[in-house]
Amino acid sequence: MKKVVLTTSLLAIAAAAQAQSSVTLYGRIDNGIQYENGLPGGHKVSAESGDWGCSWFGMQGTEDLGGGTAAIFQLEGQLNTMNGTSSGALFGRHAIVGFQNANYGTFKLGNLGAGEIQQDSWALDPQLMQRYAISTLTHGRNWPSAENGFEYTTPNLAGFTLKGQYDLSNSTSWNAGATSTSQGRGDGIEAIYDIGALELRSIYDELRSAEGNFNDLYAASRSIMAGGTYTLGPVKIWAGYQHLNAPQANDSTVNGGAFAAASAAGLMPVQAPTSADHEWLGAAWQATPAATLTGAVYHTNVNNGNGNATMYTLAATYNLSKRTFLYTEAAYLHNSATSNIDLGNDSWGPNTNSAVGSVGSSTNPGYGHSQTGVFTGIMTAF
C-alpha cells in the first residue's frame, strides 16, 4: 500500500513539474532563385538560402520558478538549406540562459549572437532585412553578432521599453579581443515607444575591432539610428535615419588591409571612409488578407570622397497558410561616380575586373556603375 502511494505521488510531482516548464523545437526554411547583373563578371543566376530571411533551427524553453519568474534558454543555429550545411557555429545565432518576469523584465546571458541590439533595426526596415534592405548600403553593418554578452530589457511601461546590452572582450585588455581574430568590447542601448498605430525606436551601439578600436566603418564603428512606423488601415509607413562613425579608420585597417593594398596598386580613387549617413522611406500595403506589397528607397552618403548611392526596392509576399508564404523582391542600386556599393551586403573594395592578385571583390560593380537584382522563393516555419 505504501509503495503504491509513493509511486502515485512521484507521478503527480513529475506531471506538475512538466506542466510548469516547456521546451519547444522550432525552425524555418527559406529557399529561392536569384538573378543579379552588374557584377564584375557579368550577371548570375543562383539558388539561394535566405534571401527573404535566414534559415535556422533551434530550441527554446522556460521553467516556472515561482513568484512570476521563469528561467529561460535558447539555442539556435543558422543553416544553408540549399546545401544542407551549418552557416557558422552550431549555435552561433543564440546560446543564452536567463530569467524573465512580467514585472521586472528579462535578463539574458551568453552568446547573444544574432540578438545583437543593432539587429532590432529590422523593425525600422520597410523590407524587414531581406537581401535588398536596410543592411545593403551599410555592407551588413545592421546585422552584426555579439558574443560573451548580457542583456536586460525592461517591462513595457505605458508603451515604453528600454533594452541594454554589454559584450565583454574576454581579454586582459578591456576593449581589445583576446586574440587577433576575436571581437573587441561591444555595447548598445535601445529605446522603444509603441502605442499601437505609432511606434518610435532609437538604437545606439558600439562594435570594436580585435584591437579595441573603431577602425572600420562597416565592421568596427559606432552607429546611432532613429525612426518610426505609422499604421493607417491597410497601409504602414516607415522612415529612418542612421549615422555611422569610425574615427580611427584608415586604408590599412579596413577590410583586412585589402583597401590599403588596392590603394597601393592605384585601384582606389578614394580613401577609407570614417563616417556615413543613411536614410530610408517606405510603405507596405496589405492588399488582401494574404497579399502584401512593399516599396522602399534607401540612400547613403559616405565621406572621404566615397560618394553616395541610392537603392529602390519593390517586394511582395503571399501567405499560403499561417506557416508558409511565397515572396519576391526586386532592387535597382545606383552609385555615384566614386561609389561602388553592391547588392550583396558584402565587404567592399574594387571589383575583380580591375584588381590584381587577391585584392578586390567578386560582387562589387565598377565605380559609378549600377546593379539590378530580383529574387523569388518560399519560406516555411515549424
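How far apart are the mean positions of the positive and negative charges of the protein? They lie 11 Å apart, for 16 positive and 27 negative charges. Keep in mind that this is a predicted model.

**Whole chain.** Start with everything shown as a cartoon. The protein has two helices and 18 strands. Its radius of gyration is 23 Å, close to the 21 Å that the globule rule gives for 382 residues, so the protein is as compact as a globular protein of that length. The C-alpha trace spans about 90 × 55 × 45 Å along them.

**Surface and interior.** The accessible area is about 17,700 Å², and carbon and sulfur atoms account for 62% of it. Of the 382 residues, 45% count as buried. Turn to contacts between residues at least 6 apart in sequence: 59% of these join residues at least 24 apart.

**Strands E11 and E12.** Select residues 198–207, strand E11, and residues 222–232, strand E12. The two pair in the antiparallel sense, over nine bridges. Pick Glu-199 next; its bridge partner in E12 is Thr-229.

**On to E13.** Stay on Thr-229. Which residue of E13 stands opposite Thr-229? It is Trp-238.

**The turn.** Finish where the E12–E13 hairpin turns. Two residues lie between these strands. Click Gly-233 in the turn: its phi is positive, about 65°.

How values were computed
Residues are numbered from 1 along each chain as its sequence is written. This is a predicted model: local features need pLDDT of at least 70, side-chain atom pairs count only at pLDDT 80 or more; totals for chains, interfaces and linings use all residues. Side-chain values use heavy atoms; hydrogens and water are left out. Two strands pair if DSSP finds at least two bridges between them. Helices (H or I, at least four residues) and strands (E, at least two) are DSSP runs, numbered from the N terminus. The radius of gyration is taken over C-alpha atoms; the globule rule is 2.2 Å times the number of residues to the power 0.38. Buried means under 20% relative accessible area, exposed over 50%, partly exposed in between (1.4 Å probe, protein chains only). Contact means heavy atoms within 4.5 Å. Accessible areas come from the Shrake-Rupley method with a 1.4 Å probe; for residues, only the protein chains shown count as cover. Lys and Arg count as positive and Asp and Glu as negative; His and the chain ends are not counted. The place of a charge is taken as NZ of Lys, CZ of Arg, CG of Asp or CD of Glu.
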